[in-house]
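The sequence and the model are shown first, and the discussion follows.

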Amino acid sequence: LCGFELFAVDIDPLAGRIIKERQQYYEQITGRKLNINIIISDVMEYNAGIESFDIINFQFSFNNIEFPKNTIRHLIQKLSKGGLWIMHEGNKSSIFNSILRPNKQWMNPSEVAMELKAHNIEVLTYHGGYALPPIFFRYEWLKVLNRLDALLTRIMIISNSYHLIGRKIK
């Protein structure tokens, strides 16, 4: 985190403890102090007088937010011009998730992209994450499936997750 100040905001105290443990682990193995501020709060209610952020990053957490469109609108106001919006999330439109998680109130990746574009976020990268379950790649002999997975992630209805990177233009 080379000189960055990081704010990790999560409503779940367990997430805060996990972040703290990872921070201590990385500080121990690198011998460097990481500047991480762990805030246990609802992201919609958090306001510590910080005018803007350079990066907003969701790693499998956006889909857990009760009102995602409101969250997008709220956080985009806090994103600095030229700032990055980064997401790696579960894909509601995948066949796997629509069968195993049918009641989830997730936004489809295309809905997220359209909402971001409507609020002056230029979508730079938008593609599927993984299509085959990650357990396949734990075994050396199954790594031959990497090329198949790379092909399948281009088909959003097969990809179980997606990556999206956008930049605020106004």
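## Polar contacts of Glu 89

In this predicted model, the backbone nitrogen of Phe 60 lies 3.1 Å from a polar atom of the side chain of Glu 89. The backbone nitrogen of Ser 61 lies 2.9 Å from a polar atom of that side chain. Glu 89 itself belongs to strand β4.

Is Glu 89 buried or exposed? Its relative accessibility is 0%, so Glu 89 counts as buried. When neighbours within four places in sequence are set aside, Glu 89 is in contact with Phe 58, Gln 59, Phe 60, Ser 61, Phe 62 and Asn 63, and also with Asn 160, Ser 161 and Tyr 162.

## Overall organisation

The chain has five helices and six strands. Read from the N terminus, these elements follow the order β-α-β-β-α-β-α-α-β-α-β.

Of the 170 residues in the chain, 35% count as buried. The accessible surface of the chain amounts to about 11,000 Å², and 56% of this belongs to carbon and sulfur atoms. Among contacts in the chain with a separation of 6 or more, 75% are made by residues 24 or more positions apart.

## Helix α2

Helix α2 spans residues 68–78, and its buried residues are Pro 68, Thr 71, Ile 72, Leu 75, Ile 76 and Lys 78. Because these residues cover an arc of only 145° around the axis, they are placed on the same side of α2.

## Helix α4

In helix α4, the buried residues are Pro 109, Val 112, Ala 113, Glu 115 and Leu 116. Seen down the axis of α4, they fall within an arc of 165° and therefore line one face of the helix. Met 114, Lys 117 and Ala 118 are exposed on the other side of α4.

The buried residues of α4 have a cover that includes α2, β4, β5 and β6. Just after α4, Asn 120 takes a positive phi of about 65°.

## Salt bridges

How many salt bridges does the structure hold? There are two. In one of them, the side chains of Arg 73 and Glu 115 meet at 3.3 Å, N to O. This pair links distant parts of the chain, since Arg 73 is in helix α2 and Glu 115 is in helix α4, 42 residues apart. Arg 73 has a relative accessible area of 36% and is therefore partly exposed. Glu 115, at 10% relative accessibility, counts as buried.

Lys 33 forms a salt bridge with Glu 27, and the closest N and O atoms of this pair are 3.7 Å apart. Lys 33 is exposed, with a relative accessible area of 69%. Glu 27, by contrast, is buried, with a relative accessible area of 18%.

## A nonpolar surface patch

Which residues form a nonpolar patch on the surface? The patch consists of Ile 95, Phe 96, Ile 99 and Leu 100, which together have about 410 Å² of accessible area.

One of these residues, Ile 99, is found in helix α3, which runs over residues 95–100. The relative accessible area of Ile 99 is 59%, so this residue is exposed.

Thr 153 is located in the loop between α5 (146–152) and β6. With a relative accessibility of 10%, Thr 153 counts as buried.

How far apart are Thr 153 and Gly 129 in sequence and in space? The two are separated by 24 residues in sequence, and their C-alpha atoms are 6.0 Å apart.

Methods:
Residues are numbered from 1 along each chain as its sequence is written. This is a predicted model: local features need pLDDT of at least 70, side-chain atom pairs count only at pLDDT 80 or more; totals for chains, interfaces and linings use all residues. Side-chain values use heavy atoms; hydrogens and water are left out. Patches are made of residues with over 30% relative accessible area and no salt bridge: like charges are joined within 9 Å, nonpolar side chains (Val, Leu, Ile, Met, Phe, Trp, Tyr) within 5 Å. Accessible areas come from the Shrake-Rupley method with a 1.4 Å probe; for residues, only the protein chains shown count as cover. A salt bridge is a side-chain nitrogen of Lys or Arg within 4 Å of a carboxyl oxygen of Asp or Glu. Helices (H or I, at least four residues) and strands (E, at least two) are DSSP runs, numbered from the N terminus. Buried means under 20% relative accessible area, exposed over 50%, partly exposed in between (1.4 Å probe, protein chains only). The arc is that of the directions from the helix axis to the C-beta atoms. Contact means heavy atoms within 4.5 Å. A polar contact is a pair of N or O atoms within 3.5 Å; within protein, one must be able to donate a hydrogen and the other to accept it, and residues adjacent in sequence count only if both atoms are side-chain atoms.
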